[in-house]
Amino acid sequence: MFWALLLAGSVNLALLILAANSLHGMTGTDTIEGAQQAIQHVLGPVIGTIFSVGLLASSLSSTSVGTYAGAKSCMDCCGSKRRCGMPRGDARTGVVVLWFAKNPTEALIIGQVVLSIGIPFAIIPLMKYTHDRSLMGDYVDGPVKFAINMVVVSLIVALNVILVILTLSGRS
């Protein structure tokens, strides 16, 4: 898992550096298609293709690492060796959104909004577990850290609600 995450991060970093160096000051790069066309125009069709393949590889790698990490966490928290289907369901949701979308940039935004809905379902139980003395022993979160966590979690949940409302209303 470490190597897959390192590979995904390296590819993302390389794509970011390539785009930042090549597209600085150019217009029309606010969509995936626009960025790919601009890179292809500035650096040639071979680099444009490498950019597209790298973007796809990075997405697949990130999805597989996230799915594996979610499944592993779910199995560890449940104390069971059976597989948990929820993380794979998140990955399938992203594929379905991408498959039916007309615009890849819009699909990316909608997919991220859908996936962000799951964040509170991971953070809230984690916060509960780290505040449980019977589970954490000496490493339990104290009242100050728990209060800070409550504020942060509340902020994350509120921002997710706002994001969903803005996306559904078409203002994102």
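This note goes through the predicted model point by point, from the whole chain down to single residues.

1. **The model and its confidence.** The structure is a predicted model, and the mean pLDDT of the protein chain is 76, with 67% of its residues reaching 70 or more. Confidence is lowest in helix 4 (residues 86–100), where the mean is 59, and highest in helix 8, where the mean is 89. Where pLDDT is low, the predicted coordinates should not be read in detail.

2. **The overall make-up.** The protein chain has 8 helices and 0 strands, and from the N terminus on its elements run α-α-α-α-α-α-α-α. Of its 172 residues, 21% count as buried. The chain exposes about 12100 Å², and carbon and sulfur atoms supply 70% of that area. Among the contacts with a separation of 6 or more, 47% are accounted for by residues 24 or more positions apart.

3. **The largest nonpolar core.** Which residues form the largest nonpolar core? This core has 6 residues, namely Leu15, Leu23, Ala35, Ala38, Ile39 and Phe51. The elements that give two or more residues to the core are helix 1 (2–23) and helix 2 (32–43), and helix 2 gives the most, with 3 residues. In soluble globular proteins, nonpolar side chains tend to be buried together.

4. **Helix 2.** Helix 2 has 12 residues and reaches 16 Å from its first C-alpha to its last, which is close to the 16 Å expected at 1.5 Å a residue. After helix 2 comes Gly44, whose phi is positive, near 105 degrees.

5. Helix 6 (residues 119–130) has 12 residues, which at 1.5 Å a residue should span 16 Å, and the C-alpha atoms at its ends are 17 Å apart, which agrees. The buried residues of helix 6 are Pro120, Met127 and Thr130. Seen down the helix axis, these buried residues fall within an arc of 110 degrees, so they line one face of helix 6. The face turned away from that buried side carries the exposed residues Phe121, Leu126 and Lys128.

6. **Thr130.** Leaving aside neighbours within four places in sequence, Thr130 is in contact with Met136, Val140 and Asp141. For Asp141, which is 11 residues away from Thr130 along the chain, the separation between the two C-alpha atoms is 5.8 Å.

7. **Helix 8.** Helix 8 has 27 residues and reaches 39 Å from its first C-alpha to its last, close to the 39 Å expected at 1.5 Å a residue. Its buried residues are Val153, Asn160 and Thr167. Helix 8 is followed by Gly170, whose phi is positive, near 80 degrees.

Methods:
Residues numbered from 1 in each chain as written. Heavy atoms only, no water. Helix = DSSP H or I, 4+ residues; strand = E, 2+ residues; numbered from the N terminus. Expected span 1.5 Å × (residues − 1). Buried < 20%, exposed > 50% of the residue type's maximum accessible area, 1.4 Å probe, protein only. Arc of directions from axis to C-beta. Core = buried A, V, L, I, M, F, W, Y, C linked by side-chain atoms within 4.5 Å. Contact = heavy atoms within 4.5 Å. Areas by Shrake-Rupley, 256 points an atom, 1.4 Å probe, with all protein chains shown as cover. pLDDT = per-residue confidence, 0-100.
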